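Student: I would like to go through this model with you and ask, for each label attached to it, what the label rests on.

Tutor: Then let us take the labels in turn and set each value against its cut-off.

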Amino acid sequence: PTQFLVRYLDLVYLIYGLSFMILAVAILVQPRRKSDFKIAGIIGMLAAFGFTHGLNEFLDMIQIIKGSGAPSWHIARTTILTFSFIFLFEFGRSLIALSKENFFKRRITVILSVFVFFLIFIFQHEFSFWPRYILGLPGGIMTAVGFILYYKTNQTILELFKVRTSLYFLTAAMATGVYGVLAGLIVPKADFFPASFLNNVSFLNLTGMPVQIFRNICACLISWSVFN
């Protein structure tokens, strides 16, 4: 099974990217301008994350099919990946701020984003590590916490709709939190910690499946829960 999944990893990336694209479309087609829910004012950032991150997965799929590309190709992929995690980080921060007004201000997103691009420029052979560690991991965790806080704050109103809002919010929180860990901590193998210990290869050896499989499952759950 392991060899089969590795061999057809391009199909995994296809489903992976489509899941995030569907997430973006599901958000953008909803009428939000006259909504009484504060989340309507910020959820566009989650759509931006879905679109850019889905695009990044499509580029990963193309690289697997065609092989390693030119340096400009890697720079383009890293730029798209970084912006996707910037959107996720800012959405998570803004979502928590809806319930906790004294939470970090927007400038923290700007500072960390500039810092990530600086690290990418300095350590040019390790493009994708920094947006994952500095933006993706905390972005996913903040989004998970934000979904739970938002549901608790608006629970009385949300339950009036008589739909399984608790299930959807809990699933969204769980999936984004796990995704933040899988996408933010499990990186290509390198000679520095933690990438030397926690990486794609060690994850494959431990679980018998590529980390992309689990990221894919999380992407589908995020798309499903947010759509609902």
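**What the labels rest on**

Tutor: Pro194 is found in the loop between α8 and α9 (200-207), and since this is a predicted model, every value we discuss is computed from it.

Student: What makes the peptide bond from Phe193 to Pro194 stand out?

Tutor: That peptide bond is cis, with omega near 5 degrees, whereas most peptide bonds are trans.

Student: Why is α5 called roughly antiparallel to α6?

Tutor: The axes of α5 (residues 107-122) and α6 (residues 129-153) cross at roughly 160 degrees and come within 9 Å. Angles over 145 degrees count as roughly antiparallel, and therefore α5 is described as roughly antiparallel to α6. The crossing in which α5 passes α6 is right-handed.

Student: Which residues in α5 and α6 meet?

Tutor: From α5 come Leu112, Ser113, Phe115, Val116, Leu119 and Ile120, and they meet Trp130, Pro131, Ile134 and Leu135 in α6. The residues of this contact divide into nine nonpolar, one polar and no charged.

Student: How do you know that the label for α3 and α4 is roughly antiparallel as well?

Tutor: α3 and α4 pack with their axes 8 Å apart, at an angle of about 155 degrees. Because the cut-off for roughly antiparallel is an angle over 145 degrees, α3 is roughly antiparallel to α4. The crossing of α3 and α4 is left-handed, and the residues of their contact divide into 16 nonpolar, seven polar and three charged.

Student: Is Asn56 buried or exposed, and how do you know?

Tutor: Asn56, which lies in helix α3, has a relative accessible area of 3%. Buried means under 20%, so Asn56 is called buried. Leaving aside residues up to four places away in sequence, Asn56 touches Arg77, Ile80 and Leu81.

Student: Which residues touch the most other members of the largest nonpolar core?

Tutor: Of the 58 residues in that core, they are Leu46, Phe91, Phe129, Trp130, Tyr133, Phe147 and Tyr179. The elements that give two or more residues to this core are α2 (9-28), α3 (43-66), α4 (71-99), α5, α6, α8 (165-185) and α10 (211-227), and the largest share, 10 residues, comes from α6.

Student: What does Phe129 touch, beyond residues up to four places away in sequence?

Tutor: Phe129 touches Val187, Pro188, Ala190, Phe192 and Ala195, each having heavy atoms within 4.5 Å of it.

Note on methods. Residues are numbered from 1 along each chain as its sequence is written. This is a predicted model: local features need pLDDT of at least 70, side-chain atom pairs count only at pLDDT 80 or more; totals for chains, interfaces and linings use all residues. Side-chain values use heavy atoms; hydrogens and water are left out. Axes are lines fitted to C-alpha atoms, for helices over the stretch in contact, and angles run from 0 to 180 degrees between N-to-C directions. Helices (H or I, at least four residues) and strands (E, at least two) are DSSP runs, numbered from the N terminus. Angles under 35 degrees count as roughly parallel, over 145 as roughly antiparallel, 65 to 115 as roughly perpendicular and the rest as oblique. A crossing is left-handed if the near helix is turned anticlockwise from the far one by less than a right angle, and right-handed if clockwise. Ala, Val, Leu, Ile, Met, Phe, Trp, Tyr, Cys and Pro count as nonpolar, Asp, Glu, Lys and Arg as charged, and the others, Gly among them, as polar. A nonpolar core is a set of buried Ala, Val, Leu, Ile, Met, Phe, Trp, Tyr and Cys residues joined through side-chain atoms within 4.5 Å. Buried means under 20% relative accessible area, exposed over 50%, partly exposed in between (1.4 Å probe, protein chains only).
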